[in-house]
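Dear colleague,

A summary of the findings follows.

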Amino acid sequence: MDATHEVSREPGGFAGESGAEKIQERLQKRHQARAEEAERRKEAKESKSVAEEKGEYFSSSFNTERASIEELLSSCSGADRAVVTPRLEEATAKTLQLQKFLNDSMLFLTQYELRRGQAALQKLQSSIVEIREEAQPRKKFTFGARTKATDKVTDAPSPEADTPADSGGNKVDGAAESVQCSFSDLDNVCLTKTAEEIQKRDVLLTHLSNCKVRLFGSPSTLHLKHIDSCEILCGPVSSSVFIDHCTNSTLAMPCQQLRTHNTTDTRVYLHVTSRAIIEDCHGVSFAPFSWSYPTLEEDFDVSGLDRDRNNWSQVDDFNWLAAGTHSPNWTVIPEADRKTTWDP
């Protein structure tokens with residue numbers, strides 16, 4: 001009996017040892033999982049801390065530089081033109097550097113921070129344009145004077161056109177117009193500006209209909225307002241392109257940033273190194289920039305834009321906040337429908 005009893009206990013003893021080993025193994029795995037989870041949390045916390053530090057550094061540096069530019073622009077008020085010109089050049093250069101700083105910081109900025117930075121830059125650029133236009137010597141406007149700005153204007157009225165010399169046309173949306181870097185109030189004509197005419201200048205196109213426009217060189221900024229049924233091709237813009245009230249048109253341009261408002265049924269062939277933004281728009285479609293001309297590479301070098309970085313299909317619609325759902329206000333132009341050749 002004793003022998004039988006001893007034999008029956010041995011299997012039980014082995015079973016107990018095997019169960020203890022399994023329990024110990026489970027405890028070790030649980031401990032290892034907890035340690036790995038703690039390490040992941042630590043890394044996530046450190047990563048978040050780094051991102052927050054980068055965000056704080058960006059906000060501090062961006063706001064400091066923006067305040068410096070605003071102070072520089074404020075000092076232009078009431079100053080002589082000889083004083084205003086170099087200050088505007090300095091403000092323009094600083095604004096371009098601030099735009100580059102924003103572009104380089106996009107990877108760790110939130111959408112809110114990015115939009116706030118872009119809005120601040122737009123405000124600075126608009127202020128520079130306004131101050132520059134105010135500093136321009138006032139010229140009486142004639143319809144013929146505008147069309148003489150280029151040798152390639154066709155069917156343009158002569159300087160003896162019946163348009164009054166002081167018709168109020170020297171104002172565009174309340175700002176003085178620079179005839180040298182703008183086209184306005186024209187219909188069914190072909191317009192061209194050379195690189196020498198617009199290099200690093202602000203260009204304004206407004207109230208154009210059924211026109212073909214070719215802008216060579218590298219403008220500082222490009223403003224398009226009240227454009228209807230036009231084809232506008234532009235060389236690399238070193239900072240921003242602003243579009244407002246554009247209808248049934250085709251546009252092509254490289255730039256750092258694109259801001260589009262109140263625009264419908266318009267095709268945009270785009271090279272943009274930061275983001276394209278639309279607001280209050282419908283039927284806007286995008287494709288990669290495809291216009292080419294002999295000095296395009298040189299103009300890209302002048303503009304400072306990165307040829308290898310093109311976010312043409314990354315469009316933010318400020319009227320569409322549904323995350324994960326594509327905005328119905330813009331589309332990508334199908335490859336079969338994209339324009340690859342352009343008239344001179």
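Which residue takes a positive phi just after α6? The residue is G304, with a phi of about 80°. Helices (H or I, at least four residues) and strands (E, at least two) are DSSP runs, numbered from the N terminus.

This is a predicted model, in which local features need pLDDT of at least 70 and side-chain atom pairs count only at pLDDT 80 or more, while totals for chains, interfaces and linings use all residues. Residues are numbered from 1 along each chain as its sequence is written, and side-chain values use heavy atoms, with hydrogens and water left out.

Overall picture

The protein chain has six helices and 16 strands. Of its 344 residues, 41% count as buried; buried means under 20% relative accessible area, exposed over 50%, and partly exposed in between (1.4 Å probe, protein chains only). Contact means heavy atoms within 4.5 Å. Among contacts in the chain between residues at least 6 apart in sequence, 44% join residues at least 24 apart.

The average pLDDT (the predictor's confidence in each residue, from 0 to 100) is 79 for the protein chain, and 79% of the residues score at least 70. Two stretches should be read with this in mind. Over residues 1-14, pLDDT stays under 50, and the model has zero contacts beyond four places in sequence for them. Over residues 138-179, pLDDT also stays under 50, but here the model has 62 such contacts beyond four places in sequence.

Helix α6

Helix α6 covers residues 296-303, and its buried residues are L296, D299, F300 and S303. These four lie on the same side of α6, because they cover an arc of only 105° around the axis (the arc is that of the directions from the helix axis to the C-beta atoms). They pack against β10 (250-255) and β12 (264-272). On the other side of α6, E298 and D301 are exposed.

Pocket and cavity

On a 1 Å grid over the protein atoms alone, a cavity is a set of points where a 1.4 Å probe fits but cannot get out, and a pocket is an open set with protein on both sides within 12 Å along at least five of seven lines; lining residues have an atom within 4 Å of a point. Grid points are joined across faces, edges and corners, and a volume is the space filled by probe spheres set on the points.

Helix α2 (residues 81-104) gives the largest share of the lining, five residues. By class, the lining has two nonpolar, seven polar and five charged residues (Ala, Val, Leu, Ile, Met, Phe, Trp, Tyr, Cys and Pro count as nonpolar, Asp, Glu, Lys and Arg as charged, and the others, Gly among them, as polar).

The structure holds one cavity of 30 Å³ or more. The largest cavity contains about 60 Å³ of space, and α2 and α3 are the elements that give two or more residues to its lining. Four lining residues come from α3, the largest share.

Residue R115

R115 is found in helix α3 (residues 111-135) and counts as partly exposed, because its relative accessibility is 28%. Leaving aside neighbours within four places in sequence, R115 is in contact with D316, F318 and L321.

With kind regards
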